[in-house]
Amino acid sequence: MPPQTLESFVDVLIVGAGPAGLMCGNALAAAGGIEVRIIDQRPSKISVGHADGLHPRTIEVLQSYGLAERLLREGCRMYMCAFYNPSPAGGIEFTTRVPDVNIPNARFPFKIGLHQGAIEDAFLDSMAQHNLKVDRPVKPLAIELSQDEEQLRSLSSYPIKVTLARLDTATDADELEVIRAKYVVGADGAHSWVRKAFGITMDGDQTNYVWGVVDMVPDTDFPDIRHRAAIHSTNGSLMIIPRENDKVRLYVQLPGEDFVDPTTGRVRKSESSPEKILEVARKTLHPFHISPLSDIEWWTIYIIGQRVASKFSVEDRVFIAGDACHTHSPKAGQGMNASMSDTHNLAWKLAQVLRGWANPSILRTYELERRKYAQDLIDFDKQYAALFSGKPRTSADQDGISHEEFFKAYKTAGGFTSGMGIHYDPSMIVNAKHQSCAENLIVGQRMLPQVFVRAADARPVEIHDLLPADTRFKILIFLGSMAEESRLAEINALADELSSPTGFLRKYSVESQTPSPMSDLTTIVVGNKEKFNYLNVPLVFRPHWSKVLLDDTDVTGSEGGGGYDRFGISSESTTLVIVRPDGHIGMVAPAAALQDVHEYFASFLIPHHCITKL
């Protein structure tokens, strides 16, 4: 008699426990009240190799989950990037050294080199605190999405049936389990089973660029071994990434004819070795020498593919993320960073829909925002990979790529590669109608960092630290100056309007709670820390004593001040800045346009009296 198949119900099933899957699992587990299951067919997590870099925006995102401090401590910070080019005397020579992050508003003006396993460990430990663990080794065998329109529309239905097999059973027969899920997130890599199950194509091309990767502790006389280094030589290109514990990663451009099977176009890894990759690296680095000080920790070889999935979702019930929907070269370090950004964008939307806070139509913005970003990433990667992999210009070859050409592309792409320049287009959650009232807070981009001073105790606080990724919208009220008597009537009128049952603060609260668990309010005032009395701020603008900030310097005069000017906000009127749960600015508006703010929230949020437990 066959064993009985187990059956269970979950809100979200995540397939794949790489960076994208773990970001999603951690975010949903931390949100609370959501039934999440995350599976992976690997018997254990990775411990070495794979992705290895965190960019400034990713560090900010991890900070919003309380995870950055650990990775800042464990990783290697890259502040500078060195450039080397062909020398007229042969070999390579030093050209210049510049800041690795050239974005003036970066909170973290550096990148972090740290292997993927350590980054995944941070997620796994955080998830464990919320009673979520990766179920492994488990493999999906079949997935069915109901075609019944009523089931697809119903928020209480479980329209997805997934059959799983546990791979570590003692018997010959697989131990099967059926999962009924409201949503499925396929974060299962470049060969995604979820993507293939729904016939989603990957559109794009494979290049003829072949690269090898080696992780090791080096013995070398190369002077920039602890900087990120971009090296162009007549033998090919090479990139050096300094890593934790004295390690480095070498990305080595390889001659395709030596490493690719001409009949299949695939790399011949079985005939390759780290020694062969290092042999090429030594020729590229000449006259400097390099060799491993101990055993090679990890290595691989690959051909660059540049592809984007034809769609990122199916019926707003099944989503794919990370390498499952975009693949590209690792030269700009976007793979893991882009993957985690995908599910950082998706998780809060799922949480709000599952709680009944937001209309399911908000889920369509995931593909709208992230597929456009992925396509932009591929377009950038085509240019960047071609420049990095192309032959350098020399006195003998004037048709090659000049350092100036490559360096210009490097600087121009700074906002993109750092993640700081990600700009989501207008949608129901991005409204730029009143952009002029906060000229430098670009709607659709991330909220800028800035230190303010807490009015109650003069403690300096970074505004980013008041924007945790906790699924809530953050309402920043830039109240302006309260010194003028003429402004008090205007401020009090705004307070009355926001306090009313029809104001968005109460309309979208749960059980009329104030402050609402759906949003969080902070007020920033132009004032002097020596004289300002925060109790003069109307009660609705100070839900807690810590929620009133001053645009002033700290007691040492070294931090804070000038926030209004930096953001392009007038101190003579009140401005509202709506920050989405993922840290991107959803809307800015003057107090006089409060009706537009009401309409913004009404386009996707559900009034509290309509909310029921799903």
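**Note on the predicted model: strands, helices and charged pairs**

1. Strand 25 (residues 519–526) and strand 26 (residues 548–550) run parallel and are paired over 3 bridges; within this pair, I524 has L549 of strand 26 as its bridge partner. Here two strands count as paired if DSSP finds at least two bridges between them, and the numbering of elements starts at the N terminus, with helices (H or I, at least four residues) and strands (E, at least two) taken as DSSP runs.

2. Before going further, please keep in mind that this is a predicted model, in which local features need pLDDT of at least 70 and side-chain atom pairs count only at pLDDT 80 or more, while totals for chains, interfaces and linings use all residues. Residues are numbered from 1 along each chain as its sequence is written, and side-chain values use heavy atoms, with hydrogens and water left out.

3. Strand 5 (residues 80–86) and strand 6 (residues 92–99) run antiparallel and are joined by 7 bridges, and the partner of M80 in strand 6 is P99. The hairpin that these strands form has 5 residues between the strands, and G90 there takes a positive phi near 105°.

4. Which residues make the contact between helix 10 and helix 11? The axes of helix 10 (residues 364–389) and helix 11 (residues 403–412) come within 10 Å and cross at roughly 145°, where axes are lines fitted to C-alpha atoms, for helices over the stretch in contact, and angles run from 0 to 180 degrees between N-to-C directions. Helix 10 contributes Q383, Y384, L387 and F388, and helix 11 contributes E405, F406, A409 and Y410, contact meaning heavy atoms within 4.5 Å.

5. The model has 41 salt bridges, each defined as a side-chain nitrogen of Lys or Arg within 4 Å of a carboxyl oxygen of Asp or Glu. One of them joins the side chains of R42 and D40 (3.0 Å, N to O); R42 is partly exposed at 27% relative accessibility, whereas D40 is buried at 7%. For these words, buried means under 20% relative accessible area, exposed over 50%, and partly exposed in between (1.4 Å probe, protein chains only).

6. Another salt bridge links R487 and E490 (3.2 Å, N to O), both of which lie in helix 13 (residues 485–499), 3 residues apart, about one turn of the helix. R487 is buried, with a relative accessible area of 6%, while E490 is partly exposed at 34%. Salt bridges that share partners also join D52, D215, R243, E244, K247, R249 and E297 into one network; in it, the side chains of R243 and E244 meet at 2.9 Å, N to O, and both residues are buried.

7. Some backbone details deserve a look. The peptide bond from R136 to P137 is cis, with omega near -10°, and P137 is in the loop between strand 8 (134–135) and strand 9 (138–145). N245, a residue other than glycine, has a positive phi near 55°; N245 is in the loop between strand 15 (236–242) and strand 16 (248–254), and is exposed at 61% relative accessibility.
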